[in-house]
Amino acid sequence: MQEKIFDVTALGELLIDFTENGTSSQGNTLFEANPGGAPCNVLSMLTKLGKKTAFIGKVGNDQFGVRLKSALAEVGIDTRNLVMDEKIHTTLAFVHTFADGDRDFSFYRNPGADMMLTKDEVQKDLISASRIFHFGTLSSTHPGVREATRSALDHAKKEGLLISFDPNLREPLWDSLEDARREIAYGMNYCDILKISDNEMEFMTGTTDYTAGVAKLRETYSIPLILVTLGKEGSRAYYKDCMVEAAPFLQENTIETTGAGDTFCASILNYILEHGLNSLTEEQLKEMLTFANAAASLITTRKGALRVMPSKKEVEDFIRS
(Lines give C-alpha, C1' and ligand atoms only; values in the text may rest on other atoms or scores of the structure.)
Protein backbone atom coordinates (compact mmCIF):
# COMPACT_ATOMS: atom_id res chain seq x y z
CA MET A 1 0.00 0.00 0.00
CA GLN A 2 1.25 3.47 -0.89
CA GLU A 3 2.49 5.64 1.97
CA LYS A 4 -0.12 8.19 3.11
CA ILE A 5 1.69 11.50 2.66
CA PHE A 6 -1.46 13.65 2.64
CA ASP A 7 -4.34 13.76 5.09
CA VAL A 8 -6.83 15.20 2.59
CA THR A 9 -6.73 15.70 -1.18
CA ALA A 10 -9.59 17.64 -2.76
CA LEU A 11 -10.67 18.02 -6.37
CA GLY A 12 -12.75 20.89 -7.70
CA GLU A 13 -12.89 24.60 -8.34
CA LEU A 14 -10.35 27.29 -7.49
CA LEU A 15 -11.51 30.76 -8.42
CA ILE A 16 -11.56 34.44 -7.53
CA ASP A 17 -14.40 35.62 -5.28
CA PHE A 18 -14.94 39.33 -5.91
CA THR A 19 -16.53 40.48 -2.65
CA GLU A 20 -18.03 43.93 -2.06
CA ASN A 21 -15.75 46.23 -0.09
CA GLY A 22 -17.29 49.68 0.19
CA THR A 23 -17.76 52.38 -2.43
CA SER A 24 -15.41 54.66 -4.31
CA SER A 25 -15.41 58.47 -4.13
CA GLN A 26 -17.64 58.34 -7.21
CA GLY A 27 -20.17 56.10 -5.47
CA ASN A 28 -19.16 52.95 -7.38
CA THR A 29 -19.06 49.58 -5.63
CA LEU A 30 -15.51 48.43 -4.85
CA PHE A 31 -14.68 44.72 -5.04
CA GLU A 32 -11.87 42.83 -3.34
CA ALA A 33 -10.36 39.88 -5.24
CA ASN A 34 -10.33 37.05 -2.68
CA PRO A 35 -8.99 33.58 -3.49
CA GLY A 36 -11.86 31.10 -3.14
CA GLY A 37 -13.53 27.91 -4.20
CA ALA A 38 -15.12 25.54 -1.68
CA PRO A 39 -12.65 22.61 -1.90
CA CYS A 40 -9.65 24.89 -1.39
CA ASN A 41 -11.34 26.69 1.51
CA VAL A 42 -11.74 23.26 3.14
CA LEU A 43 -8.07 22.44 2.53
CA SER A 44 -6.95 25.82 3.86
CA MET A 45 -8.72 25.30 7.19
CA LEU A 46 -7.36 21.75 7.45
CA THR A 47 -3.86 23.07 6.83
CA LYS A 48 -4.39 25.70 9.54
CA LEU A 49 -5.29 22.82 11.88
CA GLY A 50 -2.00 21.10 11.12
CA LYS A 51 -3.02 18.64 8.41
CA LYS A 52 -1.22 17.98 5.10
CA THR A 53 -3.36 18.74 2.06
CA ALA A 54 -3.22 18.71 -1.73
CA PHE A 55 -5.44 20.12 -4.46
CA ILE A 56 -6.41 18.80 -7.91
CA GLY A 57 -7.85 21.38 -10.29
CA LYS A 58 -7.26 23.88 -13.05
CA VAL A 59 -6.92 27.66 -13.34
CA GLY A 60 -6.04 29.90 -16.26
CA ASN A 61 -2.43 30.85 -16.85
CA ASP A 62 -3.44 34.48 -16.35
CA GLN A 63 -2.93 37.04 -13.60
CA PHE A 64 -5.69 35.53 -11.45
CA GLY A 65 -4.50 31.94 -11.92
CA VAL A 66 -0.93 32.87 -10.97
CA ARG A 67 -2.21 34.67 -7.85
CA LEU A 68 -4.37 31.69 -6.89
CA LYS A 69 -1.47 29.25 -7.19
CA SER A 70 0.61 31.56 -5.03
CA ALA A 71 -2.20 31.82 -2.45
CA LEU A 72 -2.46 28.02 -2.14
CA ALA A 73 1.29 27.70 -1.68
CA GLU A 74 1.21 30.53 0.86
CA VAL A 75 -1.28 28.72 3.11
CA GLY A 76 0.49 25.38 2.68
CA ILE A 77 -1.67 23.46 0.18
CA ASP A 78 0.29 21.23 -2.22
CA THR A 79 -0.15 22.49 -5.81
CA ARG A 80 1.63 19.79 -7.84
CA ASN A 81 -1.69 18.89 -9.53
CA LEU A 82 -2.91 22.43 -10.11
CA VAL A 83 -2.97 22.65 -13.90
CA MET A 84 -2.53 26.03 -15.65
CA ASP A 85 -4.70 26.34 -18.79
CA GLU A 86 -3.08 28.35 -21.60
CA LYS A 87 -6.35 29.14 -23.40
CA ILE A 88 -9.23 29.41 -20.91
CA HIS A 89 -9.30 32.10 -18.22
CA THR A 90 -9.63 31.56 -14.49
CA THR A 91 -13.23 31.34 -13.25
CA LEU A 92 -14.54 34.46 -11.46
CA ALA A 93 -17.44 34.84 -9.04
CA PHE A 94 -18.97 38.13 -7.95
CA VAL A 95 -20.49 37.88 -4.48
CA HIS A 96 -23.36 40.15 -3.48
CA THR A 97 -23.75 40.29 0.30
CA PHE A 98 -27.13 40.97 1.92
CA ALA A 99 -27.67 42.79 5.22
CA ASP A 100 -27.83 39.53 7.21
CA GLY A 101 -24.52 38.31 5.75
CA ASP A 102 -26.08 35.86 3.27
CA ARG A 103 -24.92 35.94 -0.34
CA ASP A 104 -25.84 35.73 -3.98
CA PHE A 105 -23.31 34.66 -6.66
CA SER A 106 -22.78 35.74 -10.26
CA PHE A 107 -20.32 33.42 -12.02
CA TYR A 108 -18.13 34.22 -15.04
CA ARG A 109 -17.58 30.64 -16.19
CA ASN A 110 -18.67 30.01 -19.76
CA PRO A 111 -16.24 28.37 -19.90
CA GLY A 112 -13.93 28.84 -16.93
CA ALA A 113 -10.63 27.02 -16.49
CA ASP A 114 -11.92 24.85 -13.61
CA MET A 115 -14.39 23.24 -16.06
CA MET A 116 -11.57 22.16 -18.37
CA LEU A 117 -9.83 19.62 -16.12
CA THR A 118 -9.61 16.23 -17.86
CA LYS A 119 -9.31 12.77 -16.34
CA ASP A 120 -5.83 12.37 -17.89
CA GLU A 121 -4.66 15.41 -15.91
CA VAL A 122 -5.62 13.90 -12.55
CA GLN A 123 -2.52 12.56 -10.77
CA LYS A 124 -3.96 9.42 -9.25
CA ASP A 125 -0.86 8.71 -7.21
CA LEU A 126 -1.71 11.87 -5.27
CA ILE A 127 -5.07 10.34 -4.35
CA SER A 128 -3.43 7.03 -3.42
CA ALA A 129 -1.13 8.91 -1.06
CA SER A 130 -4.07 10.45 0.86
CA ARG A 131 -6.33 9.39 3.74
CA ILE A 132 -9.44 11.32 2.68
CA PHE A 133 -10.68 12.43 -0.77
CA HIS A 134 -13.01 15.46 -0.73
CA PHE A 135 -15.15 16.84 -3.57
CA GLY A 136 -18.28 18.84 -4.43
CA THR A 137 -20.56 19.19 -7.46
CA LEU A 138 -19.10 22.22 -9.24
CA SER A 139 -16.69 19.71 -10.79
CA SER A 140 -19.66 17.80 -12.22
CA THR A 141 -21.54 20.56 -14.04
CA HIS A 142 -19.93 19.83 -17.44
CA PRO A 143 -18.97 16.57 -19.21
CA GLY A 144 -15.15 16.80 -19.27
CA VAL A 145 -14.58 17.76 -15.64
CA ARG A 146 -17.40 15.40 -14.61
CA GLU A 147 -15.47 12.53 -16.20
CA ALA A 148 -12.33 13.65 -14.34
CA THR A 149 -14.24 13.74 -11.04
CA ARG A 150 -15.76 10.31 -11.54
CA SER A 151 -12.41 8.83 -12.50
CA ALA A 152 -10.86 10.30 -9.34
CA LEU A 153 -13.74 9.00 -7.24
CA ASP A 154 -13.39 5.49 -8.64
CA HIS A 155 -9.70 5.54 -7.82
CA ALA A 156 -10.26 6.86 -4.30
CA LYS A 157 -12.83 4.13 -3.65
CA LYS A 158 -10.53 1.43 -5.06
CA GLU A 159 -7.67 2.67 -2.85
CA GLY A 160 -9.86 2.54 0.27
CA LEU A 161 -9.88 6.26 1.10
CA LEU A 162 -12.61 7.82 3.18
CA ILE A 163 -14.66 9.96 0.79
CA SER A 164 -16.11 13.32 1.86
CA PHE A 165 -18.79 15.11 -0.17
CA ASP A 166 -20.27 18.61 0.06
CA PRO A 167 -22.86 19.17 -2.71
CA ASN A 168 -22.41 22.96 -2.52
CA LEU A 169 -25.39 23.54 -4.84
CA ARG A 170 -25.05 26.65 -7.04
CA GLU A 171 -28.22 26.60 -9.12
CA PRO A 172 -27.16 29.12 -11.85
CA LEU A 173 -24.28 26.85 -12.92
CA TRP A 174 -26.51 23.95 -13.98
CA ASP A 175 -28.27 23.54 -17.33
CA SER A 176 -31.15 22.02 -15.35
CA LEU A 177 -31.87 21.30 -11.70
CA GLU A 178 -32.52 17.68 -12.65
CA ASP A 179 -28.88 17.48 -13.73
CA ALA A 180 -27.87 18.89 -10.35
CA ARG A 181 -30.09 16.42 -8.50
CA ARG A 182 -28.63 13.51 -10.46
CA GLU A 183 -25.02 14.53 -9.78
CA ILE A 184 -25.67 15.08 -6.07
CA ALA A 185 -27.20 11.61 -5.94
CA TYR A 186 -24.11 10.24 -7.70
CA GLY A 187 -21.86 11.80 -5.05
CA MET A 188 -23.99 10.47 -2.21
CA ASN A 189 -23.57 6.97 -3.61
CA TYR A 190 -19.81 7.20 -3.05
CA CYS A 191 -19.34 9.18 0.16
CA ASP A 192 -18.65 8.13 3.74
CA ILE A 193 -19.07 11.68 5.08
CA LEU A 194 -21.81 13.96 3.74
CA LYS A 195 -21.95 17.62 4.68
CA ILE A 196 -25.26 19.03 3.43
CA SER A 197 -27.04 22.33 4.05
CA ASP A 198 -30.69 22.72 5.01
CA ASN A 199 -31.70 24.02 1.56
CA GLU A 200 -29.84 21.13 -0.14
CA MET A 201 -31.65 18.65 2.11
CA GLU A 202 -34.97 20.11 1.04
CA PHE A 203 -33.83 20.06 -2.61
CA MET A 204 -32.92 16.36 -2.43
CA THR A 205 -35.65 15.03 -0.13
CA GLY A 206 -38.56 17.45 -0.49
CA THR A 207 -38.91 17.96 3.25
CA THR A 208 -37.84 20.44 5.91
CA ASP A 209 -38.05 17.70 8.54
CA TYR A 210 -34.33 16.96 8.38
CA THR A 211 -34.47 13.77 10.43
CA ALA A 212 -37.07 12.42 8.02
CA GLY A 213 -34.91 13.66 5.15
CA VAL A 214 -31.86 11.81 6.48
CA ALA A 215 -33.99 8.66 6.82
CA LYS A 216 -34.95 9.03 3.14
CA LEU A 217 -31.30 9.37 2.13
CA ARG A 218 -30.33 6.35 4.20
CA GLU A 219 -32.94 4.23 2.43
CA THR A 220 -30.90 4.71 -0.74
CA TYR A 221 -27.33 5.48 0.33
CA SER A 222 -25.19 3.88 3.02
CA ILE A 223 -23.56 7.05 4.39
CA PRO A 224 -22.01 6.49 7.85
CA LEU A 225 -21.92 10.18 8.88
CA ILE A 226 -24.32 12.89 7.69
CA LEU A 227 -23.83 16.48 8.84
CA VAL A 228 -26.72 18.90 8.30
CA THR A 229 -25.90 22.60 8.60
CA LEU A 230 -28.85 24.75 9.63
CA GLY A 231 -27.44 28.28 9.40
CA LYS A 232 -28.54 30.31 12.41
CA GLU A 233 -30.05 27.16 13.94
CA GLY A 234 -26.70 25.38 14.35
CA SER A 235 -25.94 21.90 13.02
CA ARG A 236 -26.73 18.22 13.43
CA ALA A 237 -24.79 14.98 13.09
CA TYR A 238 -26.57 11.75 12.15
CA TYR A 239 -24.38 8.75 12.95
CA LYS A 240 -25.54 5.15 13.25
CA ASP A 241 -28.70 5.28 15.41
CA CYS A 242 -28.16 8.69 17.00
CA MET A 243 -28.73 12.32 16.15
CA VAL A 244 -26.71 14.99 17.97
CA GLU A 245 -27.42 18.71 17.71
CA ALA A 246 -25.18 21.67 18.56
CA ALA A 247 -26.21 25.29 18.97
CA PRO A 248 -24.77 28.01 16.74
CA PHE A 249 -22.39 30.76 17.80
CA LEU A 250 -24.28 33.81 16.56
CA GLN A 251 -22.21 36.88 15.74
CA GLU A 252 -23.21 40.51 16.03
CA ASN A 253 -20.36 41.49 13.71
CA THR A 254 -20.93 39.07 10.84
CA ILE A 255 -19.62 40.52 7.59
CA GLU A 256 -20.54 37.70 5.21
CA THR A 257 -21.06 33.95 5.32
CA THR A 258 -18.65 33.03 2.50
CA GLY A 259 -16.61 30.02 3.57
CA ALA A 260 -18.64 29.23 6.70
CA GLY A 261 -19.79 25.84 5.40
CA ASP A 262 -16.29 25.03 4.16
CA THR A 263 -14.75 25.91 7.54
CA PHE A 264 -17.37 23.71 9.22
CA CYS A 265 -16.64 20.84 6.81
CA ALA A 266 -12.87 21.08 7.35
CA SER A 267 -13.33 21.01 11.13
CA ILE A 268 -15.39 17.82 10.80
CA LEU A 269 -12.77 16.16 8.61
CA ASN A 270 -10.04 17.20 11.04
CA TYR A 271 -11.93 15.50 13.88
CA ILE A 272 -12.43 12.31 11.83
CA LEU A 273 -8.73 12.24 10.96
CA GLU A 274 -7.91 12.38 14.68
CA HIS A 275 -10.63 10.07 16.04
CA GLY A 276 -11.64 7.80 13.15
CA LEU A 277 -15.13 7.13 11.81
CA ASN A 278 -15.93 3.73 13.28
CA SER A 279 -16.82 4.25 16.95
CA LEU A 280 -17.77 7.86 17.67
CA THR A 281 -19.72 8.54 20.87
CA GLU A 282 -22.51 11.09 21.30
CA GLU A 283 -20.13 13.14 23.46
CA GLN A 284 -17.54 13.15 20.68
CA LEU A 285 -20.13 14.11 18.06
CA LYS A 286 -21.18 17.05 20.25
CA GLU A 287 -17.55 18.11 20.70
CA MET A 288 -16.98 17.85 16.95
CA LEU A 289 -20.05 19.93 16.06
CA THR A 290 -19.33 22.56 18.70
CA PHE A 291 -15.83 23.18 17.34
CA ALA A 292 -17.10 23.21 13.74
CA ASN A 293 -19.91 25.67 14.56
CA ALA A 294 -17.49 28.00 16.37
CA ALA A 295 -14.96 27.92 13.53
CA ALA A 296 -17.70 28.64 10.98
CA SER A 297 -18.92 31.53 13.12
CA LEU A 298 -15.45 33.09 13.28
CA ILE A 299 -14.98 33.03 9.50
CA THR A 300 -18.19 35.08 9.05
CA THR A 301 -16.42 38.02 10.73
CA ARG A 302 -13.69 38.07 8.06
CA LYS A 303 -13.67 39.02 4.39
CA GLY A 304 -13.00 36.04 2.16
CA ALA A 305 -12.04 32.68 3.60
CA LEU A 306 -9.03 30.88 2.14
CA ARG A 307 -6.38 33.27 3.49
CA VAL A 308 -8.00 34.07 6.84
CA MET A 309 -8.96 30.74 8.41
CA PRO A 310 -8.93 30.69 12.24
CA SER A 311 -6.36 28.68 14.20
CA LYS A 312 -7.27 25.90 16.61
CA LYS A 313 -6.40 28.17 19.54
CA GLU A 314 -8.62 30.97 18.20
CA VAL A 315 -11.56 28.57 17.92
CA GLU A 316 -11.00 27.08 21.38
CA ASP A 317 -10.62 30.54 22.96
CA PHE A 318 -13.83 31.64 21.22
CA ILE A 319 -15.72 28.60 22.57
CA ARG A 320 -14.47 29.34 26.10
CA SER A 321 -15.47 32.98 25.83
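1. At what angle do helix α9 and helix α10 pack? In this predicted model, α9 (residues 282-299) meets α10 (residues 312-320) at about 100 degrees, and their axes are 9 Å apart. Angles from 65 to 115 degrees count as roughly perpendicular, and the two helices are therefore roughly perpendicular to each other.

2. Which residues make this contact? Helix α9 contributes Thr290, Phe291, Ala294, Ala295, Ser297 and Leu298. From α10 come Lys312, Glu314, Val315, Glu316, Phe318 and Ile319. Sorted by class, the contact of α9 with α10 holds seven nonpolar, two polar and three charged residues.

3. The strands come next. Nine of them form an open sheet with mixed pairing, in the order β5-β4-β1-β8-β9-β10-β11-β12-β13. The edges are taken by β5 (78-85) and β13 (242-246); each has a single partner strand, so one side of each is left without a neighbour in the sheet. On average, neighbouring strands of this sheet are turned by 15 degrees against each other, direction ignored.

4. Gly57 stands opposite Leu82 in β5. Helix α2 (residues 63-75) packs on the sheet here, touching β4 and β5, and its direction makes about 175 degrees with that of β5.

5. Another helix, α5 (residues 177-188), lies across three strands: β8 (130-135), β9 (162-165) and β10 (193-197). Helix α5 runs at about 155 degrees to β9.

Definitions and conventions: Residues numbered from 1 in each chain as written. Predicted model: local features only at pLDDT ≥ 70, side-chain atom pairs only at ≥ 80, totals over all residues. Heavy atoms only, no water. Pairing = 2+ DSSP bridges. Helix = DSSP H or I, 4+ residues; strand = E, 2+ residues; numbered from the N terminus. Axes fitted to C-alpha atoms, helices over the stretch in contact; angles between N-to-C directions. Contact = heavy atoms within 4.5 Å. Parallel < 35°, antiparallel > 145°, perpendicular 65-115°, else oblique. Nonpolar A, V, L, I, M, F, W, Y, C, P; charged D, E, K, R; others polar.
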